[in-house]
Amino acid sequence: MQKEKDIIDGCLSGSRRDQELLYRRYAPKLYAVCLQYAGNTEEARDVLQEGFIKIYDNLSRYNHEGSFEGWMRRIIVNTSLERYRSRYYLSRVDDIEDVPEPEAEPDTSDFAGLEAYDLLNMIMELPPKYRMVFNLYAIEGYSHKEIGEMLGISEGTSKSNLSRARYILQKKVVLLTGVTRKMVNV
Amino acid sequence: MFNREPNIDIVFRNGLKDLEVLPPSDVWDNIPPMPVRRSLLRTVTSIAAGIAALVSLALVAGWYLRSNETGTQLAELTIPSGDQQAVTVISSPTDDVEVIAAPPVPADAAVTAPRDLNEGIAAGLSVVRDDQQPLLAGLTDSGRESEASLPFSSDEITVITAGRLTGAGKTAMPELASVSTRGQGQRFMVGASLSPSMGLSPQGQSVRLAELMNSEKARPSYTTGLTFGYRISDRLTIHSGIGLASLGQTISDVDVFAGLSDFYAVKSNYLYSVETASGMIRAGNTDLYLTGAGNRVGSLVQGADPSKYNLTQVGSEIRQVFRYLELPLLLRYKVIDGRMGLNLSGGVAYGLLVDNTAYTGQGSDMVRVGHTEGVNPYNFSSQLGLGMEYSISTNISFNLEPVLRYYMTPLSDISGALYKPYSLGIYSGLFFKF
């Protein structure tokens, strides 16, 4: 298998073959990220296409420090955020809703049999504002302050949306697995 | 960042960590080919050219504004006739305007002055000398303005260069030209220059070199940069600065095809090499299949025949480009010193190789092939020029000089044959003197 650096160098030298090689190698993983954020396949394919164009455009800036996959993932996430902002910014509802806090968290060991596709579907079914906050907080690891700045919402709204997303996801997980809730220490 | 880690977060984070979903097949088709990146050097070159253009524009704008300013001063010039004649002397744009009161001049005084305005400008301050024309002493030494009140003869008026001066008795000088073309204190100059040139290749000094050069053609080259000068004497100036010189050649008997990596696994940093008069091109782009005449192309491909593969031709020639960061040192001598002068220039330049690229393709669809091995990382070149210098104003001059440049160090040493190109170009530069 051709080395990652060789592929990047090939892309930079204008080799279409290397560009395709790069796409084939990383597109499946990045498309999964696109689906996580987009919520539907049409939107996801647009994000993937736009994201890869950006990746190629900025490839010369990648300095081979840190994970290349992580670098590409950040571009895809940012592209998703841009599309989200342009689409939902004007119509977003920032009001903090009265979200019931989950009384308990399910024991993760009981969900070991959950397929990744099931989890992806659950996230995709979330309303956009909950989905974005959950992805950024739970998957990417951003703080509420950072999420607030990224999405143009307050920290409180970010927390509220996260709680709501967790609540919905927990219900879905329980429904799918039939696992009875257990009280766990968090 | 993780202040609180509810388990549901971990379930999703771990569960989605390695998820892969095959994207629709048409996504790739809609992603346009990645444009070939302009190298940092090309970017720097563009910026340098932009700066040079801006400096040039600023100088022209400055000259234009100063010209307008002088025009305004001329418009305000009034010389009342009568017993007391006030002579206003507009000095050069860089000097202060001074008003010198002059005593009445006899009506029969013979007054001579250049009739032609340009002639007046050309005459300039060079004809003004303190010891002979006390009236105009204030022109160069404001502290001596009092001397202006000294009586003077009508002859002394001749030193005032005017557009029209018909007689002292009825003198009103509606137009009075600038009296200087060169400020005495202007020893330094800064400017931007550009020298497009055509490279010329000498005949090969060995059979092999001559054979190679039969299908190689020098590419148009250029040198651009910022120049600083110091006037050693009225006629001799020393110039230095920093510039970028680009030269190269085109190898016309090599065909280049793309798509090889679909069929052949790469086992080295390059698969093909191309022998040229400037050195050996190593084709680092291993997606390319190269073929050519005259045993010029060498191959490391083993156990395969790429000519039988279905490859796409992307070029029928290879272009080599070498760019040098140059530090010139030139002497410029004014053979004819005037508004339109004639200069003889000569000097040397030290060049440091900063870009060495070989590419193929046409238009904007360029494909990098590799680089040339064996190219000297530095060079010394000499140049000789003879051309004109036109003084746009006191501070700004424009140079245009045909220049012959010869590279004293060879571009490379191939098969023991030293390859020293030369070029013939036009040096053009705009200088601001201060």
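Contact here means heavy atoms within 4.5 Å of each other. With that cut-off, residues 24 or more positions apart account for 71% of the contacts in chain B with a separation of 6 or more. For chain A, the corresponding share is 70%.

A word on the ground rules. This is a predicted model, where local features need pLDDT of at least 70 and side-chain atom pairs count only at pLDDT 80 or more, while totals for chains, interfaces and linings use all residues. Residues are numbered from 1 along each chain as its sequence is written, chains are lettered from A and ligands numbered from 1 in the order in which they are written, and side-chain values use heavy atoms, with hydrogens and water left out.

## The two chains

Helices (H or I, at least four residues) and strands (E, at least two) are DSSP runs, numbered from the N terminus. Chain B has 5 helices and 20 strands.

For burial, the cut-offs are relative accessible area under 20% for buried, over 50% for exposed, and partly exposed in between (1.4 Å probe, protein chains only). Of the 186 residues of chain A, 50% count as buried; of the 434 residues of chain B, 45% do. Accessible areas come from the Shrake-Rupley method with a 1.4 Å probe, and for residues only the protein chains shown count as cover. Chain A has about 8,800 Å² of accessible surface, with 47% belonging to carbon and sulfur atoms. Chain B exposes about 21,200 Å², and carbon and sulfur atoms supply 58% of that.

## Helix 2 against helix 6 in chain A

Helix 2 (residues 16–38) and helix 6 (residues 128–139) of chain A have axes that come within 8 Å and cross at roughly 130 degrees. The axes are lines fitted to C-alpha atoms, for helices over the stretch in contact, with angles running from 0 to 180 degrees between N-to-C directions.

Who meets whom? From helix 2 of chain A come Gln36(A), Tyr37(A) and Ala38(A), and from helix 6 of chain A come Arg131(A), Met132(A), Asn135(A), Leu136(A) and Ile139(A). The residues of this contact split into 5 nonpolar, 2 polar and 1 charged. In that scheme Ala, Val, Leu, Ile, Met, Phe, Trp, Tyr, Cys and Pro count as nonpolar, Asp, Glu, Lys and Arg as charged, and the others, Gly among them, as polar.

Ile139(A) in helix 6 of chain A is worth a visit. Ile139(A) is buried, at a relative accessible area of 13%. Leaving out residues up to four places away in sequence, Ile139(A) touches Gln36(A), Arg73(A) and Phe134(A), plus Phe12(B), Arg13(B) and Leu16(B).

## Aromatic pairs

Rings of Phe, Tyr and Trp (its six-membered ring) pair if their centres lie within 6.5 Å; planes under 30 degrees apart count as stacked, over 60 as edge-to-face and the rest as tilted. The whole structure holds 15 aromatic pairs over all chains. One of them is the stacked pair of Tyr350(B) and Tyr378(B), at 6.2 Å centre to centre with 20 degrees between the planes. Tyr350(B) sits in strand 14 (residues 340–362) of chain B and Tyr378(B) in strand 16 (residues 378–391) of chain B, 28 residues apart. Tyr350(B) is partly exposed at 30% relative accessible area, and Tyr378(B) is partly exposed at 38%. Elsewhere, Tyr23(A), Phe52(A), Tyr56(A) and Trp28(B) form one aromatic cluster.

| Pair | Sequence separation | C-alpha distance |
|---|---|---|
| Ile139(A) and Gln36(A) | 103 residues | 9.9 Å |
| Leu212(B) and Asn295(B) | 83 residues | 9.7 Å |
| Ser428(B) and Phe398(B) | 30 residues | 7.3 Å |

Leu212(B) belongs to helix 5 (residues 207–213) of chain B and is buried at 3% relative accessibility. Ser428(B), in strand 20 (residues 422–433) of chain B, is also buried, with a relative accessible area of 18%. Apart from residues up to four places away in sequence, Ser428(B) touches Ala192(B), Ser193(B), Leu194(B), Ser195(B), Phe398(B), Asn399(B) and Leu400(B).

His64(A) is not a glycine, yet has a positive phi of about 65 degrees. Where is His64(A)? His64(A) lies in the loop between helix 3 (41–58) and helix 4 (68–88) of chain A, and is partly exposed, with a relative accessible area of 36%.
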